[in-house]
Structure formats: C-alpha cells, structure tokens
Amino acid sequence: MVGAVDRGRESFGRRAWGEAWSQLSAADSEVPLEVEDLERLAVAAFLTGRIEESVDVWARAHHRCLRLGDVVRAGRCAFWSAFILVNDGRLARGGGWIHRARRLLDESARDCVEQGYLRYAAALRSVFEGDPAGARAGFAEAAGVGDRFSDPQLGALARAGQGRCLIYLGQIAEGMALLDDAMVAVTAQEVSPPAVGDLYCTVIEGCQQVFDVRRAQEWTAALSRWCEAQPQLVLYRGQCLVHRAELMLLRGAWSDAGLEVQRACDRLARPTPAVLGAARYLGAELHRLRGEFAEAEEAYRQAHRWGRQPEPGLAQLRLVQGRVREAFPALRCVLDEAEDPVTRSRLLAPYVEVALAGGDAVAARAAADELSALASAWRSPWLRALSLHATGAVLLAEGDTRAALTALRRAVADWCELEAPYEAARARVLTGLACRSSGDEAGAQLELEAARSVFRELAAGPDLAAVEALSPHAAHRAVGGLTARELEVLASLATGRTNRAIATELSISEKTVATHVSSIFTKLGLSSRSAATAYAYAHDLVRTLPR
C-alpha cells in the first residue's frame with residue numbers, strides 16, 4: 001500500500017482533496033496510517049465535507065500521538081476536533097476536546113503554541129454561547145500566544161475572532177482593523193486550507209454586518225478564486241456562493257443571484273443550518289422583489305425552519321400584500337428584542353417603511369434617527385445611503401418637502417455611487433413624490449420614469465405596478481375600466497390563487513378565467529400576475545377571502 005499512500009500524499013499536495021481522501025482511506029483500510037498521514041486524511045475529509053469522518057480521524061491521530069508520548073501534537077489534533085465541532089454547533093463535544101487537551105498540556109507543564117490554539121477554541125465556544133465580551137478577551141490572549149510563538153495562523157484566527165466580537169459590541173473601526181490584519185496572513189499564504197476558508201467566511205460576514213459592501217465584494221472575489229482553484233473542494237463552496245448571491249442581489253443582478261442561491265443549496269456539503277437558512281432567505285427576498293408572493297412566503301418559512309430569522313423580509317412581504325396590521329407588530333417585536341447595534345441596523349430601515357405605512361410617524365422618526373446615529377458612527381457608505389433614504393421618507397411624511405428632497409437626492413446619489421440600482425430607484429420614487437408635493441410635476445415625472453425603467457429591467461413587479469399607479473395617466477387605467485367579474489378575478493388573483501382555484505371559487509370555467517386575466521392585463525396596461533397583484537393592493541381592490 002506504499003503506492004496508495006504516496007499517491008494520496010501527492011494528491012494532497014496539489015489540493016485534490018477528493019482524490020487524497022479516497023487514496024489515503026484505501027491505504028488506511030489495509031494498514032493503519034502514520035500520524036502525519038492521518039492528519040492529511042483528516043484535512044481531506046474536512047474539506048470534502050465529511051465532517052464526522054474528519055473528527056473521527058483527528059481523534060485517532062490524537063490517541064496515536066499519546067501512545068507515542070507526543071502530548072503537544074496530541075493537543076494540536078484535539079484542537080482541530082474542537083474547531084470542527086464548535087463551528088458545527090456541537091458545543092458539548094467540542095468543549096470536551098478543549099478541556100481534555102488543556103488538561104493534558106497542563107499536566108505535562110508544556111508551554112507551547114497549542115495552549116494558544118486551545119484558548120482560541122474556548123473563545124470560539126463563548127461566541128456560540130452568546131458571550132462576545134468574554135470571547136473577545138480569550139481571542140486577545142490567543143493572539144498574544146500566537147505572536148509569542150511566531151505562529152501567523154493562530155494570530156490570524158484569533159484576531160479575526162476578536163474583530164468580530166468588537167463589531168458585535170459596537171466598536172466598528174477597531175473590529176474592521178483587526179479583520180484586515182487577519183487577512184494579511186491569508187494573502188501571504190501563511191495559513192492552512194481549513195483555516196483559510198474559515199477566515200474568508202468570518203471576515204466577509206463581518207463586512208456584511210456593518211454594510212461594508214466594497215470590502216465584502218473584494219474578499220468574496222478572493223474567496224471565489226480560492227474555491228475555483230480547488231475543484232474538489234466541497235466545504236466553504238456553498239458559503240462562497242451565498243456570499244456571491246448576496247452581492248449580486250445588492251448590485252441588481254437578480255437572475256444571477258437566483259442561480260447562485262440554487263447552486264449554493266445544491267453544493268452544500270450537507271444541510272448546514274446557518275448557510276442553508278441564509279440561502280433560503282436570499283431566495284425569499286428575490287421572490288418578494290419579483291412579486292412571487294406564494295414562493296416568497298414558503299422560502300421565508302424554510303429559512304425560519306433552518307434557524308434564519310425571517311424578518312425583516314417577511315414583514316416587507318406583508319406590507320406589499322397590504323397586510324400592514326400583521327407587518328407592523330411583527331417587525332416591532334423583533335426590533336424590540338434586538339439589543340446589539342449590528343442586529344438593529346438591519347431592521348431599522350424596513351421598520352421605518354412599515355411604521356409609515358401603519359401611520360406611526362413618531363415610531364418611524366425614532367427609528368430613522370437611530371439609523372442616522374449608527375451611520376455617523378460607523379462611517380459606512382451603504383448605511384449612510386440607507387439612513388438618508390429612511391430620513392427622507394420620514395420628512396416627506398411629516399410634510400417637510402424641502403428637507404425631504406435634500407435627503408432623498410443625496411440618497412439617490414449615494415445609491416448610484418454604490419451601484420445599487422434597485423435601492424436608487426426606490427429613492428427616486430420618493431423623490432418624485434416630494435417633487436410632486438412641491439408643485440414640480442415635471443421633476444416628479446423625470447424621477448418616476450427613471451425608477452420605472454429600473455423596475456422594468458429588474459422585473460420588480462410590485463414596485464413597477466406601484467410606480468405606474470402614480471402616473472398622471474393612471475386614472476385612465478383605473479378600476480372603472482374593468483367589469484364587475486374582472487374585478488372579482490383580479491381580487492382573487494391578488495391573493496395568490498391559480499386560475500383553476502379562481503374558476504372553482506367563482507363557478508366559471510378555467511378558460512373563462514384565463515380570458516378575464518388577459519383582459520385585465522390589457523385594460524390596466526400590465527404584463528404579469530405580480531404587477532396585477534401590486535395594482536390590486538395599491539387600489540384597495542383585494543377582498544378578505546376565505547383561505
């Protein structure tokens with residue numbers, strides 16, 4: 001089996017993880033591998049998504065080292081078992097490995113870098129247990145050990161963890177500086193593959209938490225290149241696709257984002273709750289924006305099932321469905337429960353929109369002011385644009401048209417600079433309404449037409465229908481042009497019913513329903529069921545129908 005071992009080592013060296021796993025596994029089934037080859041086998045198992053097998057092989061390597069009297073190396077093997085288990089959410093098993101390894105090293109009175117790795121693992125466990133302040137101190141200690149022993153990998157892992165804790169605690173600038181520091185070791189190729197993927201994902205998620213889109217885009221592109229250079233890599237590839245999809249959504253590449261979401265779900269090594277929940281939520285957002293309400297609702301439920309909070313997206317879905325009485329209290333409860341600034345920052349702008357729709361301008365103003373304070377403190381261009389957008393909406397509702405126009409025009413400029421076409425178009429709609437309120441109908445039409453063009457290009461059905469309803473010619477396409485039966489069909493269609501369901505409800509044939517739907521589209525100048533749905537809600541045509 002020497003040949004199989006050599007082939008496995010060669011495959012490992014060129015990062016052909018699947019081949020390395022197969023070849024080393026075959027060799028191990030004949031003659032137990034030596035410690036170094038067991039470590040290679042464990043890494044290959046991990047990177048091909050064989051999580052449990054990797055933990056088992058690391059455990060074997062740990063016991064082999066103990067039998068050989070190499071306590072320090074046994075501690076390193078125990079660390080990797082803990083690292084994998086804690087990141088997988090199995091804190092008890094991971095904690096057991098941490099405690100065992102620390103006890104062994106303490107008993108042998110060894111001052112070694114492995115002590116720092118285990119301190120890092122313990123801090124990582126504290127993060128998952130909801131103690132960022134305690135974890136921050138642990139990460140700082142681990143980074144110190146890494147520096148003392150000149151171990152750039154430990155230093156990078158620990159500083160990335162410390163940076164994320166600082167971000168969670170509201171110390172954004174200090175946290176981001178530590179994330180940048182950690183990535184120096186990655187770009188200098190001073191980190192092993194299992195840690196490289198973890199660092200990329202840790203840093204990208206940190207950038208997204210504080211709306212640092214440009215940094216997130218830079219590191220996501222680097223992660224993509226790293227994954228593509230290793231065709232047999234399974235772990236981290238799903239996360240990479242989710243990160244790419246999130247950026248595509250922001251940039252207006254919705255079709256591409258949808259494809260990446262599907263690929264992420266297909267490529268996940270196994271059902272990983274956090275990643276699958278994020279993918280399902282992204283899919284729900286795409287459905288909502290396109291007016292595919294039934295699909296969006298199901299995707300939000302799936303995201304929730306996998307542990308992803310469905311808000312604020314679900315409340316925004318309820319809003320476009322005209323169910324403000326459901327959207328407002330649901331989002332308010334989630335916002336009230338959110339204590340850290342990072343979580344609140346993602347809820348405040350949608351809350352402003354929902355509060356205004358619910359007629360609570362006071363709540364909207366408070367949320368907009370809080371968002372503005374965060375934008376000033378964090379100095380994030382994306383958060384600044386979001387804050388200006390929300391503030392402009394509140395000012396418009398309060399009747400301060402001049403101030404609203406100032407804020408909204410700045411928001412449009414910022415969104416355009418950030419290459420966020422959908423957000424820019426939404427801000428243009430509000431700008432158009434402010435122009436109209438101030439008597440500038442020509443300016444209003446200019447803004448609304450620009451928004452309409454973007455919504456049409458993106459296939460943003462609900463937004464397109466809403467902006468078309470604001471046209472001065474909308475009265476010519478008003479409900480008076482529909483027959484009583486067409487109004488009934490439209491009301492049913494807007495609740496998500498199929499043609500067959502509408503036919504059953506109204507006691508007419510499915511063919512007749514199809515004829516009515518075609519007539520509705522023609523009379524209202526619409527092109528899709530989602531646009532018709534948005535039109536129905538915008539004109540209060542939806543009846544309360546039994547479900």
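Reader: Does Tyr300 count as buried or exposed, and at what relative accessibility?

Author: The model considered here is a predicted one. In this setting a residue is called buried when its relative accessible area is under 20%. Tyr300 therefore counts as buried, at a relative accessibility of 1%.

Reader: What kind of aromatic pair do the rings of Tyr281 and Tyr300 form?

Author: A pair of aromatic rings is described by the distance of the centres and the angle of the planes. The ring centres of Tyr281 and Tyr300 are 5.6 Å apart, and because planes over 60 degrees apart count in this class, their angle of 65 degrees makes the pair edge-to-face. The two residues belong to distant parts of the chain, with Tyr281 in helix α15 (residues 273-290) and Tyr300 in helix α16 (residues 293-305). Asked for by name, then, the kind of pair is edge-to-face.

Reader: Which residue lies over the face of Tyr281?

Author: Tyr281 is itself buried, with a relative accessible area of 7%. At 3.7 Å from the centre of its ring, the residue lying over the face of Tyr281 is Arg308.

Reader: How many residues apart in sequence are the parts that the pair of Tyr200 and Trp226 ties together?

Author: Tyr200 and Trp226 form a tilted aromatic pair, with 6.2 Å from centre to centre and 50 degrees between the planes. Tyr200 lies in helix α11 (residues 193-209) and Trp226 in helix α12 (residues 213-228), so the parts that this pair ties together are apart in sequence by 26 residues.

Conventions:
Residues numbered from 1 in each chain as written. Predicted model: local features only at pLDDT ≥ 70, side-chain atom pairs only at ≥ 80, totals over all residues. Heavy atoms only, no water. Phe/Tyr/Trp six-rings, centres within 6.5 Å; stacked < 30°, edge-to-face > 60°. Helix = DSSP H or I, 4+ residues; strand = E, 2+ residues; numbered from the N terminus. Buried < 20%, exposed > 50% of the residue type's maximum accessible area, 1.4 Å probe, protein only. Lys NZ or Arg CZ within 6 Å of the ring centre and 35° of its normal.
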